[in-house]
Each structure stands twice: as structure tokens, then as C-alpha cells.
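Please consult the sequence and the model shown here while reading.

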Amino acid sequence: MTRGNPLGFLTPLVLCAAIAACDDGGDFDTTDAGDTDTGQDICGEWNAERADLSEGDWSGDTASCQAGDVSDTGRDNALKVVNLYRSLAGLPEVATDPDHDAATQECALMMHASGSLSHSPDSTWPCYTEDGATAAGSSNIASAPGVSAVDLYMIDPGNENTLGHRRWILSAGLGPIGLGTTDQYSCMWVFGGTGTSDLDWIAWPPEGEVPLQIVQPAGSWSSLDATGWSVQSDFIDLSAATVTVQAGGEDMPVATTYLAQGYGSFHALKFIPDGWTTEAGTTYTVTVDGASEPISYSVTFTDCE
């Protein structure tokens with residue numbers, strides 16, 4: 001897949017998701033998203049990868065406009081959490097690129113120095129640099145440091161029409177990425193990916209057995225039950241799709257919305273639980289009707305605390 005240039009931006013309170021054009025086509029094998037696993041294995045992976053979520057130390061300074069850098073612990077932990085989410089969704093890991101890291105560090109400095117978020121900062125911004133501005137237009141950005149921002153991106157509050165941060169992290173073509181952060185703001189380079197995946201569609205929560213904690217990770221102030229579950233694809237047209245969810249043979253009402261195109265995937269939709277909340281030990285069967293290809297999968301939640 002190829003990615004085009006930025007087309008626009010969103011500016012919610014604490015997050016901004018970059019948008020790029022995506023090709024609508026290509027030859028992919030029909031492959032279900034995600035892999036099933038035992039609850040013990042899933043919880044072991046979840047808890048091991050999240051045992052250390054420290055943000056590391058930032059060596060920069062806004063007063064002197066020094067972007068500095070974040071210690072290896074912070075960047076490594078942010079990347080680890082990104083790859084944990086991608087692993088649960090059946091997607092390959094991504095790596096960071098040193099040039100993207102440096103540019104997103106300039107981006108994070110600009111956001112911190114201005115105390116605001118924008119994908120299109122101009123030269124009047126404090127601590128402005130061309131590299132930082134380029135990164136701002138190519139990144140997910142947040143008023144949160146790098147590690148905690150990843151959990152925020154996956155819940156994606158304030159982006160009702162796009163869920164763009166989550167879709168970029170779960171993009172089939174993502175990588176390499178860039179991770180830059182201060183102790184308050186962060187940028188994650190997501191454009192220009194060269195990654196590949198054989199998945200026709202990607203769901204969140206994903207198919208199989210998953211930790212209940214993905215619904216609302218520790219420290220998160222919102223949840224998937226509030227912002228919505230999602231399905232995304234570059235090749236399956238979801239624009240006329242509807243979603244049904246069943247648990248224990250009963251229909252679980254959901255409110256379904258087709259999302260804006262181009263945020264990490266060409267097509268995507270979200271569906272929000274209507275009058276119910278996700279429970280551990282329950283299997284939910286999701287059926288997407290009216291898409292250009294049928295999609296059906298089941299998700300079972302395991303409490304990993």
C-alpha cells in the first residue's frame with residue numbers, strides 16, 4: 001500500500017489524528033483478523049509487556065527551545081505498547097526510524113512550548129522548526145507523554161467521526177514509526193508506512209480471547225464501550241455495512257457509524273454498546289452485514305488482573 005500526503009486534521013482536546021489518502025485496491029488473501037489464544041497466554045503477554053510503563057526522562061527544555069531526547073526506557077516502552085496492541089490484532093510489529101524519532105522530538109517540543117496541538121503549526125509557533133512542523137503533519141499527537149499516549153490513542157476519545165489514532169496504530173501498512181516526547185506532550189509519526197499484512201480486515205477488540213483490560217487500560221479516563229469497537233479495511237467497502245452483536249444467544253444492541261475515510265485505513269466503522277457493557281468471561285459474536293465481503297468473528301474477554 002502507498003500513502004499520500006496529509007489532507008487535513010482534527011483538533012480535539014487532548015489528541016489529534018493525522019489523515020492521509022489510502023489506495024482502495026490490491027490483491028490480498030481472505031484472512032480472518034487476529035489469532036485465538038488461551039486466556040493464560042493472553043494475560044501473560046499483556047501483563048509482561050505492561051509491567052514497566054515508565055515514561056523515561058526528557059533532556060530538553062522549552063525555555064531554550066532544546067528538543068533534547070527521551071531516555072531509551074521511555075521510547076522503548078512506548079514502542080512496546082504499540083506492538084502489544086498490534087500483536088493482539090494479529091498485525092506484525094513495527095520499529096522506529098531514527099530520523100522520524102528526531103523529527104517527532106521537535107514536534108513534541110513545539111506542542112509543549114505552545115501548550116496546544118496542531119497538525120499545521122506555522123513559523124509563529126514557539127520553538128518552531130521545519131522538521132517539527134513536518135512531523136506534526138505526519139503524526140498522531142497528544143497532550144500526554146509518549147507511553148500513556150498509546151493507550152489514549154487506542155481508546156480515542158474525542159474523535160467520534162474518525163477513531164483516527166487507533167486506525168493508524170492498527171494500519172496494515174504502518175511502519176517504521178517515530179516516537180518523540182517531552183514530559184507532557186508527544187508525537188507519533190505514522191505516515192509513509194511500508195509495512196505489509198495479509199489481513200483483509202482488522203477489528204478492535206480483535207477476534208479470539210483478549211484481555212478485558214483493553215476496554216479501559218489502567219489510568220485511562222474513557223473506554224471502548226464509550227468510544228466504540230471498530231472494524232477497518234483498505235479493501236472491503238464498509239460504507240453500507242451494519243453490525244449485529246450477540247452474546248449468549250441474545251442480541252446486544254449497538255449504534256453503528258461509518259467513519260471518515262483515510263485515517264490509517266480507507267474504510268472503517270465503529271459500533272458502540274447501547275445499554276450494556278463488556279464483561280469478562282463473555283463471548284461476543286460480531287457480524288458485519290452489507291459490506292462488500294462478509295465479516296464475522298467472536299471475541300471472548302478474560303480478566304487479566
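Of the 305 residues of the chain, 56% count as buried, where buried means under 20% relative accessible area, exposed over 50% and partly exposed in between, with a 1.4 Å probe and protein chains only. The model is predicted: local features need pLDDT of at least 70, side-chain atom pairs count only at pLDDT 80 or more, and totals for chains, interfaces and linings use all residues. Residues are numbered from 1 along each chain as its sequence is written, and side-chain values use heavy atoms, with hydrogens and water left out.

The chain has seven helices and 15 strands; these are DSSP runs numbered from the N terminus, with helices being H or I of at least four residues and strands E of at least two. Among contacts (heavy atoms within 4.5 Å) between residues at least 6 apart in sequence, 72% join residues at least 24 apart.

**Nonpolar core**

A nonpolar core is a set of buried Ala, Val, Leu, Ile, Met, Phe, Trp, Tyr and Cys residues joined through side-chain atoms within 4.5 Å. The largest one has 79 residues, of which Val231, Phe271 and Val288 touch the most other members. Leaving aside residues up to four places away in sequence, the residues that Phe271 touches include Trp229, Val231, Val254 and Tyr297.

Phe266 lies in the loop between strand S12 (254–258) and strand S13 (267–273). Its relative accessibility is 18%, so Phe266 counts as buried. Phe266 and Arg167 are 99 residues apart in sequence, yet their C-alpha atoms are 9.8 Å apart in space.

Helix H5 (residues 146–155) is largely enclosed by the rest of the structure, because nine of its 10 residues are buried. Among them are Val147, Asp151 and Ile155. Just after H5, Asp156 takes a positive phi of about 65°.

Two packed helices are described by the angle between their axes and the distance between the axes. Axes are lines fitted to C-alpha atoms, for helices over the stretch in contact, and angles run from 0 to 180 degrees between N-to-C directions. For H2 (residues 72–88) and H5, the angle is about 20° and the axes are 8 Å apart. The two helices are therefore roughly parallel, a term for angles under 35 degrees. The residues making the contact are as follows.

| Helix | Residues in the contact |
|---|---|
| H2 | Gly74, Asn77, Ala78, Val81, Val82, Tyr85 |
| H5 | Gly146, Val147, Val150, Asp151, Met154 |

Conventions
Parallel < 35°, antiparallel > 145°, perpendicular 65-115°, else oblique.
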